[in-house]
Amino acid sequence: MTVIEKILSKKVGREVTDGERVWVPLDLVTMRDFGGPNAILGYKESFGDAPLFDAKRVAITFDLHIPPRNEKVARNQQICREFAKVTGAKVFDINQGIGQHILWEHGMVQNGNTIIGTDSHMNLLGAFGAFATGVGTTDIVAGMRYGKFWYHVPKTIKIELHGKLRKFVSAKDVILWVLKNLGTDGAIGMAIEFAGETIEPMGVAERITLASMVTELSGEIGFFVKSEPSVQSPVYEKTYEFDVSAISPQIACPHSPDNVKDVKEVAGTLIDQVFIGSCTNGRYEDLERAAKILKGKKVKTRLIIVPASTKVAQEALKKGLYEIFFDAGAVVVNPGCSLCTTGHPGILAPGERMISTSNRNFIGKLGKGGEIWLASPETAAASAIKGEITEPSIL
Amino acid sequence: MIKGKVWKFGDNIDTDQIYPGKYLPLTDKKEMARHAMEGVPDAEKFIKNVKSGDIMVVGKNFGCGSSREHAVVTIKGVGIVCVIAESFASIFYRNAINLGLPVIECKDIKLIKEGDDIIVDLTKGEIVNPDKNENYKGLPLSGLELDIIEANGLINYLKKQK
């Protein structure tokens with residue numbers, strides 16, 4: 001069986017296979033400060049003051065507009081707090097960080113769990129062996145009351161990654177390389193299992209980077225498996241094998257995550273702003289890799305750094321990363337989704353160019369007429385120092 | 001069995017074309033229905049003439065983009081009783097079922113023309129075009145999906161189960 005079939009079979013209580021529609025019992029139902037208020041209004045409309053299926057398994061994470069930037073979003077957060085007070089749901093307020101990251105840090109995400117949320121990158125929790133997916137308001141409303149949702153068991157494709165990565169090449173370059181090869185429709189409706197010796201030394205941060213961008217491949221979720229020759233292999237829809245030992249740093253040019261080139265092909269392109277953070281590249285390890293490059297240097301662009309969570313920020317502070325960032329001339333923002341949120345402060349002026357370590361570079365995402373280029377923390381940091389797109393190795 | 005007159009649209013119609021973001025603050029369903037497909041170029045004829053009981057036949061990746069359920073609410077609100085697509089974006093597909101709007105995937109949509117009167121069998125996934133004496137095979141809905149649609153949406157369905 002594939003990983004997704006194993007997880008769902010265990011939850012459903014019988015063997016399920018791809019193509020089936022099944023009712024899946026849920027371990028966790030989550031909302032954010034954007035999708036949450038609509039789901040709460042929907043809940044009240046559908047169920048009045050009926051209790052949640054399990055208050056300990058409903059969480060609201062404020063990660064988009066924190067602290068609130070106008071009255072409307074302040075009111076939305078108020079609606080969430082009031083609902084939580086009445087129902088017993090847990091609120092992670094404006095002082096915590098990105099939803100998936102803080103839920104995991106608080107022990108609310110375990111291997112084999114089933115989770116729905118209002119974020120299209122919920123699936124990064126596949127890095128921890130949990131099944132999580134982004135859904136619409138009605139699924140959240142029903143999930144809060146009944147603790148289940150229906151799901152179409154997906155087929156699985158396997159992506160085997162071979163070879164040891166070169167210096168200054170990391171998980172972000174690998175997933176951009178995969179996007180270059182498969183395209184943004186490369187895994188429509190599919191689960192992905194990543195395998196091979198390239199991923200074996202990868203820690204939590206790098207696995208999150210790979211898993212989060214399964215969304216950009218139009219996939220459902222990504223898991224990590226060990227190739228064990230003695231065990232019978234599950235049936236995959238397709239298997240891809242990539243030798244990534246020779247790849248150089250990658251960058252997604254505007255305005256699609258699969259418009260990927262080698263950084264050296266576009267080196268020298270002038271940039272105005274750099275963002276290091278997001279659910280894809282906001283862990284301590286990501287910040288540390290950027291800090292190694294920034295240490296003792298000054299940036300020529302605006303550089304905005306955002307830890308994924310307060311826990312990450314505290315570690316970065318303790319280990320001296322903030323000092324390196326401030327000395328280099330960076331702005332360090334409070335933990336959250338930050339510049340990955342449409343309309344968040346940090347917006348680009350028309351014609352400006354930003355390198356971002358996040359996962360999407362759609363047109364207009366951060367200001368009309370601004371360009372977003374996606375790259376690794378290493379490439380982002382090196383480019384901030386030079387003021388132009390730069391391979392981290394030449395510094 | 002669903003019977004209705006066809007309105008045709010192309011590929012990659014996203015949720016912002018189906019229901020432009022500027023109307024997101026609206027909450028009245030009748031008001032929301034007034035803006036169905038408003039972001040699609042050349043949709044004036046549809047907007048002026050669509051009637052309750054009509055069917056939409058669309059191309060690839062219908063409903064891609066944001067997860068906004070307004071896209072389904074507005075299509076249903078304007079009176080569309082079924083959407084047939086070459087393929088759907090997965091979140092739109094889920095939202096449609098959850099709000100009780102029948103959706104069918106069919107690879108032969110190019111054979112169906114605007115203004116055709118067609119009959120759709122959701123259980124068999126079959127589309128009949130009696131005037132042309134043609135049959136098209138689509139993907140049948142699962143029992144679970146049919147049950148949710150029959151109950152006019154997920155919430156009603158689950159309430160009845162309890």
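Two residues are taken to be in contact if their C-beta atoms, placed from the backbone, lie within 7 Å. The model described here is predicted.

In this sense of contact, Leu287(A), Glu288(A), Ala291(A) and Leu294(A) of helix α10(A) meet Leu321(A), Ile324(A), Phe325(A) and Ala328(A) of helix α12(A). Seven of the residues in this contact are nonpolar, none is polar and one is charged. Helix α10 spans residues 284–294 of chain A and helix α12 spans residues 321–328 of chain A; their axes come within 10 Å and cross at roughly 50°. The crossing of the two helices, α10(A) and α12(A), is left-handed.

Chain A also holds an open sheet of five strands, in the order β4-β3-β2-β5-β6, with parallel pairing. Strands β4 (90–92) and β6 (131–134) of chain A each have a single partner strand and stand at the edges, so one side of each is left without a neighbour in the sheet. From one strand to the next, the twist averages 20°. Strand β3 (residues 58–61) of chain A runs parallel to β4(A) and is joined to it by three bridges. Thr61(A) has Phe92(A) in β4(A) as its bridge partner. Across β3 and β4 of chain A lies helix α3 (residues 71–87) of chain A, which runs at about 145° to β4(A).

The contact between the chains takes 14 residues from chain A and 14 residues from chain B. On the side of chain A that touches chain B, helix α5 (residues 137–146) of chain A gives the most, with six residues. That side of chain A comprises five nonpolar, seven polar and two charged residues.

Methods
Residues are numbered from 1 along each chain as its sequence is written. Chains are lettered from A and ligands numbered from 1 in the order in which they are written. This is a predicted model: local features need pLDDT of at least 70, side-chain atom pairs count only at pLDDT 80 or more; totals for chains, interfaces and linings use all residues. Two strands pair if DSSP finds at least two bridges between them. Helices (H or I, at least four residues) and strands (E, at least two) are DSSP runs, numbered from the N terminus. Axes are lines fitted to C-alpha atoms, for helices over the stretch in contact, and angles run from 0 to 180 degrees between N-to-C directions. Ala, Val, Leu, Ile, Met, Phe, Trp, Tyr, Cys and Pro count as nonpolar, Asp, Glu, Lys and Arg as charged, and the others, Gly among them, as polar. A crossing is left-handed if the near helix is turned anticlockwise from the far one by less than a right angle, and right-handed if clockwise.
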